[in-house]
Amino acid sequence: MHDVNELVPMLNQLGMRHVGYGLKPEYVQLAGTILVDVLKEGLGNAFTKDVENAWVMVFSFMSATMFQGFYAMQEEIKSHVRTMSSSRALSDVASQHSGNAAVNKLELQAAQVAAEEEEALRRKSEHVVGHCWAIEELALAAWEAEPAPG
């Protein structure tokens, strides 16, 4: 993760995935505070002001980059909702003109697109959850492998 050109897209994607988890921006601020507290407790006297500033800077960069992806995904979702609302409007028109084959065809196409998008999001979220579990296991293993301070 020393290459910012690789890190930034990964953090953007991470932020995008967190939309589906129901992340609220204040959770990230709280996580930053907790991170500093845990490091302070874990490092003891080795946790200097310079160490604290470095971690705060890294966390701030990472969270700001994640939020770029987070907010971009929120906008994309809003766009899809607007599209789906338009599809519902087409459905209303189709029901009013049930004899119109062209409108019925549009309604069917809109429903198919919506179903495909929903299935793609479901598969994507399952994939993301799998990655989250793997990351959690790696973090736990790393934490357990660290020698106790003192």
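Author: A residue is called buried under 20% relative accessible area, exposed over 50%, and partly exposed in between, using a 1.4 Å probe and protein chains only. This is a predicted model, in which local features need pLDDT of at least 70 and side-chain atom pairs count only at pLDDT 80 or more, while totals for chains, interfaces and linings use all residues. Residues are numbered from 1 along each chain as its sequence is written, and side-chain values use heavy atoms, with hydrogens and water left out.

Reader: Is R17 buried, partly exposed or exposed, and which helix holds it?

Author: R17 counts as partly exposed because its relative accessibility is 29%, and it is found in helix α1 (residues 4–19), helices being DSSP runs of H or I with at least four residues, numbered from the N terminus. The C-alpha atoms of R17 and M73 are separated by 8.2 Å, although these residues are 56 apart along the chain.

Reader: What is M73 in contact with, leaving aside neighbours within four places in sequence?

Author: Contact means heavy atoms within 4.5 Å, and with those neighbours set aside M73 is in contact with M16 and V19.

Reader: Which residues make up the largest nonpolar core?

Author: A nonpolar core is a set of buried Ala, Val, Leu, Ile, Met, Phe, Trp, Tyr and Cys residues joined through side-chain atoms within 4.5 Å. Here the largest has six residues, namely V19, L23, V28, F67, F70 and M73, and helix α3 (residues 49–96) gives the most to this core, with three residues.

Definitions and conventions
Helices (H or I, at least four residues) and strands (E, at least two) are DSSP runs, numbered from the N terminus.
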